[in-house]
Protein chains: 2
Amino acid sequence: MSLLAPEKPAVSVDMYSMTVPVLVRALKNLSHLLDKAEAHVEDNGLKPEDMLGARLIEDMLALVNQVQLATDTAKGAVARLAGVENPSFADIETTFDELHQRIDKTIEFIKSLDRELFTGAETRDVTLKVRGGELHFKGFDYLTGFVLPNLFFHVTTAYGIIRHKGVKIGKLDYLGPR
Amino acid sequence: MSLLAPEKPAVSVDMYSMTVPVLVRALKNLSHLLDKAEAHVEDNGLKPEDMLGARLIEDMLALVNQVQLATDTAKGAVARLAGVENPSFADIETTFDELHQRIDKTIEFIKSLDRELFTGAETRDVTLKVRGGELHFKGFDYLTGFVLPNLFFHVTTAYGIIRHKGVKIGKLDYLGPR
């Protein structure tokens with residue numbers, strides 16, 4: 001603790017701070033992992049589609065789907081917590097460039113939302129449509145029990161697929177710069 | 001919003017609520033994933049050590065290590081944020097039972113900490129010893145930029161290894177009951 005500590009702490013524990021910078025950082029790290037995968041493809045004369053279509057086992061989703069789901073999780077999270085419309089992105093990407101564009105669009109949307117929109121988001125009612133019905137959450141449980149586990153699931157699974165394909169990446173590529 | 005909303009919201013956005021229940025839930029889900037993996041081993045007459053030693057690629061850590069690291073991440077997180085001693089667990093597990101015991105011990109430690117210990121944890125100085133030096137964080141950045149990404153990384157990688165070995169699990173086994 002500094003003797004010159006300001007009255008208002010520099011660190012604020014609130015829904016915005018727990019959501020926006022965390023999601024943006026994870027998405028930037030995902031972009032970085034894709035860069036590593038693409039460089040590996042180029043350096044080894046491989047087909048990009050073999051990397052983008054790679055999966056950990058045949059009935060699990062491919063790298064391209066993990067990126068789509070990570071971005072869907074992130075944009076849906078901020079839209080629902082901030083109470084704004086969730087933009088719809090068609091799942092049509094077939095190249096690294098298109099995946100980067102999707103990530104960039106998602107980050108742009110997340111950053112476009114004012115901090116004030118997240119005031120009271122912890123008690124906001126969130127409804128998710130899923131196969132066979134609806135899931136109902138309060139905002140806080142949605143964030144901690146659904147959004148964050150899902151977001152890191154898809155980024156980590158992207159990491160696992162890329163690593164499984166022999167690309168030289170390590171934990172710091174996943175955690176990102178500090 | 002209810003017309004009868006109490007003055008104090010039922011949901012509190014604080015360091016304890018963002019840490020303790022989130023870590024406990026992830027560890028319980030990890031335990032559940034191990035149960036699924038063990039049942040698959042038994043049902044198919046496989047060797048437990050082949051599952052526990054499985055990895056996504058030869059130079060990546062095995063399932064047993066992912067469980068050790070998930071628990072290390074969780075116990076270190078609460079110890080550092082609450083300002084108490086971090087219990088040391090030797091990395092000696094070789095069976096599913098021993099991994100469950102490690103997870104249970106970790107959950108017991110996490111739950112033993114009073115909520116009050118986390119007051120002001122967002123600005124607490126956290127130092128991590130890593131190869132080649134030290135990492136310095138404020139508590140909030142440690143939680144959102146290190147603990148949560150790492151915890152979900154190791155649980156998801158455990159999931160990925162188990163799934164890669166052909167065990168029938170799905171996203172709900174990872175997310176856990178609501």
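Reader: How far apart are B:Tyr142 and B:Phe146 in helix α5 of chain B?

Author: They are four residues apart in that helix, so about one helical turn separates B:Tyr142 from B:Phe146. Keep in mind that this is a predicted model.

Reader: Switching to the interface. How many residues of each chain are in contact?

Author: Chain B puts 44 residues in contact with 43 of chain A. The area buried between the two chains is about 3700 Å². Carbon and sulfur atoms give 68% of that area.

Reader: And the polar side? How many residue pairs are in polar contact between chain B and chain A?

Author: The count is 11 residue pairs, with both residues at pLDDT 80 or more.

Reader: Which elements of chain B give two or more residues to the side that touches chain A?

Author: They are α1 (15-43), β2 (133-138), α5 (139-164) and α6 (171-175) of chain B. The most comes from α5(B), with 16 residues.

Reader: How do the residues on that side of chain B divide?

Author: Into 21 nonpolar, 13 polar and 10 charged.

Reader: Salt bridges next. How many over all chains, by a search of the whole structure?

Author: The search gives 18. Across the interface of chain B and chain A, the rule finds four.

Reader: Which residue forms a salt bridge with A:Asp59?

Author: B:Lys168 does, and the closest N and O atoms are 3.7 Å apart.

Reader: Where do A:Asp59 and B:Lys168 lie?

Author: A:Asp59 is in the loop between α2 (48-52) and α3 (63-82) of chain A, and B:Lys168 is in the loop between α5 and α6 of chain B, so the pair joins two chains.

Reader: What about B:Asp59? Which residue forms a salt bridge with B:Asp59?

Author: A:Lys168 does, with the closest N and O atoms 3.7 Å apart.

Reader: OK, fold of chain A. How many helices and strands?

Author: Chain A has six helices and two strands. From the N terminus on, the elements go α-α-α-α-β-β-α-α. Along its principal axes, the C-alpha trace of chain A spans about 55 × 50 × 25 Å.

Reader: Are strands β1 and β2 of chain A parallel or antiparallel?

Author: Antiparallel. Strand β1 (residues 125-130) and strand β2 (residues 133-138) of chain A pair over six bridges. A:Lys129 has A:Glu134 as its bridge partner in β2(A).

Reader: How many residues lie between the strands in the hairpin of β1(A) and β2(A)?

Author: Two. In that hairpin, A:Gly132 takes a positive phi near 85°.

Reader: And in chain B, how many bridges join β1 to β2(B)?

Author: Six bridges, with strand β1 (residues 125-130) of chain B and β2(B) running antiparallel. In β2(B), the bridge partner of B:Val130 is B:Gly133, and that of B:Leu128 is B:Leu135.

Reader: Which residue takes a positive phi in the hairpin of β1(B) and β2(B)?

Author: B:Gly132, with phi near 85°. Two residues lie between the strands of that hairpin.

Definitions and conventions
Residues numbered from 1 in each chain as written. Chains lettered and ligands numbered in written order. Predicted model: local features only at pLDDT ≥ 70, side-chain atom pairs only at ≥ 80, totals over all residues. Heavy atoms only, no water. Contact = heavy atoms within 4.5 Å. Buried area = accessible area lost by both parts, 1.4 Å probe. Salt bridge = Lys/Arg side-chain N within 4 Å of Asp/Glu carboxyl O. Polar contact = N/O pair within 3.5 Å; in protein donor to acceptor, adjacent residues only side chain to side chain. Nonpolar A, V, L, I, M, F, W, Y, C, P; charged D, E, K, R; others polar. Pairing = 2+ DSSP bridges.
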